[in-house]
2 protein chains.
Amino acid sequence: MKLSRPYHHGNLRQALLDQAMIALRDGGIDELSLRELARAVGVSHAAPRRHFPDRQALLDALAIEGFARLGADMRDAVASGDREFEPTLQRCAHAYVTFATTDAALIEVMFAGKHTENVDEAAALSFAPILELILRGQAEHIFEDGDPERIGLMLLSVIHGIASLRSAGMIGPDQLEWLVDDAIVNFLRGTRAVATEGVDVA
Amino acid sequence: MKLSRPYHHGNLRQALLDQAMIALRDGGIDELSLRELARAVGVSHAAPRRHFPDRQALLDALAIEGFARLGADMRDAVASGDREFEPTLQRCAHAYVTFATTDAALIEVMFAGKHTENVDEAAALSFAPILELILRGQAEHIFEDGDPERIGLMLLSVIHGIASLRSAGMIGPDQLEWLVDDAIVNFLRGTRAVATEGVDVA
DNA sequence: ACCTGAACACCGTTCAAGT
DNA sequence: ACCTGAACACCGTTCAAGT
């Protein structure tokens, strides 16, 4: 006769990750305990060890899943809506910030630093939509020529900075929307706010 | 006869904070343990409780000290060197990023979110040099008019974003210098990189 | 007022042992 | 191959007790 709880038939790893995502959402990174995860999933406290050698390995796996979702969110945002450049960039930026504020604890894990190669790979991959936008912007002569990574890094800095300040509580929920809008406009045109002359792209 | 270790004659609180700063530098935020701090300072593990009700109180105090130092660093950077606007802004930004990379764990504590009112006060105070620069920039017509807080928030986002990405390891140490330079230039003039016409500021 | 010592509940990690 | 149970060393927090 089979057990009513049959060893999680091999998907314990994913069950732990799913439970961890839930725990992250309503507990923060410090509340995340391997033992509690094991308990919630109905397994002994030593069982996770087969799938995650230590706590950091679990966090790395979470970060990788997070970057995959972040990249997908941005890609979707770019694809949805019209093709006009500036609104597209706006949607991409908003997708990033929305992700970061919705899953604040997760993005903390993603950018925690103590990572493996695999995490860095996932991170680089997730930023592909941004890089593609830069390339397109250069083709449309919206951006200056030169290393697209350089421009991408500057763009990422603004967006991630906003997300980070929001998580820290230094930006109110109400300020978020227009701040992203303004930051993108400012990124494109600078603080001098010259009139929108010569911005008729294609 | 007096004890050779006389109860830390009332400065246990500061001794703990100093030791915590050291621990933060070579251990990160997770390595920071109240018990170890007490041990390092030569006091029982329950003694810190008189000065810090719980771990978070210690972290809050660290954050407040951190913001004070960050503000001072930026103020010094602004004061040192010539008064030309753009270089002054550059020095201020570099001071921020240097602080953030030198004391990466500390700035993590400072922006961790779970703060008290007092920490928010200290944070706002530390950003005063940035706000003053914005006001000066508006007076010199380098910035558009309107809410200086709005411009300050955008500027802070870029700078903090760079610092944050650096801590996460997504920006190499070698990329840091020119990225800050470029980000400030881009903040002022935008990505289009129009020639430097009409930028002759008084 | 300030600190100690023992106690409690919780961790992450390790390892022999089970099926 | 995958999981269990006991064990170890470490936490933060609490509280009666010392001086």
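The largest cavity in this predicted model has a volume of about 80 Å³. Its lining draws on both chains, with A:F187 and B:F187 among the residues involved. Chain A and chain B also share an interface that buries about 3300 Å² between them. Here is a friendly tour of the cavities, and then of the contact between the chains.

**The largest cavity**

- From chain A, the lining includes A:M154, A:V158, A:A183, A:N186 and A:F187.
- From chain B, the lining includes B:M154, B:V158, B:A183, B:N186 and B:F187.
- Two or more lining residues come from each of α8 (148–167) and α9 (173–189) of chain A, and likewise from α8 and α9 of chain B.
- By class, this lining splits into eight nonpolar and two polar residues, with no charged ones.

**The other cavities**

- The count of cavities of 30 Å³ or more comes to four.
- The second largest cavity has a volume of about 50 Å³.
- Its lining consists of A:A93, A:V97, A:L155, A:V158, A:I159, A:I162, A:V180, A:A183, A:I184 and A:F187.
- In chain A, α4 (85–102), α8 and α9 each give two or more residues to the lining of this second cavity.
- The lining of the second largest cavity has ten nonpolar residues, no polar ones and no charged ones.

**Size of the interface**

- The size of an interface is often expressed as the accessible area lost when the parts come together.
- Of the roughly stated total, about 3300 Å², 61% lies on carbon and sulfur atoms.
- On the chain B side, B:M170, B:T191 and B:R192 lose the most area to chain A, and together they make up 19% of what that side buries.
- Chain B brings 38 residues to the contact, and chain A brings 38 residues too.

**Polar and charged links across the interface**

- Two salt bridges are found across the interface of chain B and chain A.
- One of them pairs A:R150 with B:D182, whose closest N and O atoms are 2.3 Å apart.
- Eight residue pairs are in polar contact between chain B and chain A, counting pairs with both residues at pLDDT 80 or more.

**Make-up of the chain B side**

- Both α8 (148–167) and α9 (173–189) of chain B supply at least two residues of the side that touches chain A.
- The largest share of that side, twelve residues, comes from α8(B).
- Sorted by class, the side of chain B that touches chain A holds 21 nonpolar, twelve polar and five charged residues.

Note on methods
Residues numbered from 1 in each chain as written. Chains lettered and ligands numbered in written order. Predicted model: local features only at pLDDT ≥ 70, side-chain atom pairs only at ≥ 80, totals over all residues. Heavy atoms only, no water. Contact = heavy atoms within 4.5 Å. Buried area = accessible area lost by both parts, 1.4 Å probe. Salt bridge = Lys/Arg side-chain N within 4 Å of Asp/Glu carboxyl O. Polar contact = N/O pair within 3.5 Å; in protein donor to acceptor, adjacent residues only side chain to side chain. Helix = DSSP H or I, 4+ residues; strand = E, 2+ residues; numbered from the N terminus. Nonpolar A, V, L, I, M, F, W, Y, C, P; charged D, E, K, R; others polar. 1 Å grid on protein atoms, 1.4 Å probe; cavity = no way out; pocket = protein on both sides within 12 Å on 5 of 7 lines; lining within 4 Å. Points joined across faces, edges and corners; volume = space filled by probe spheres on them.
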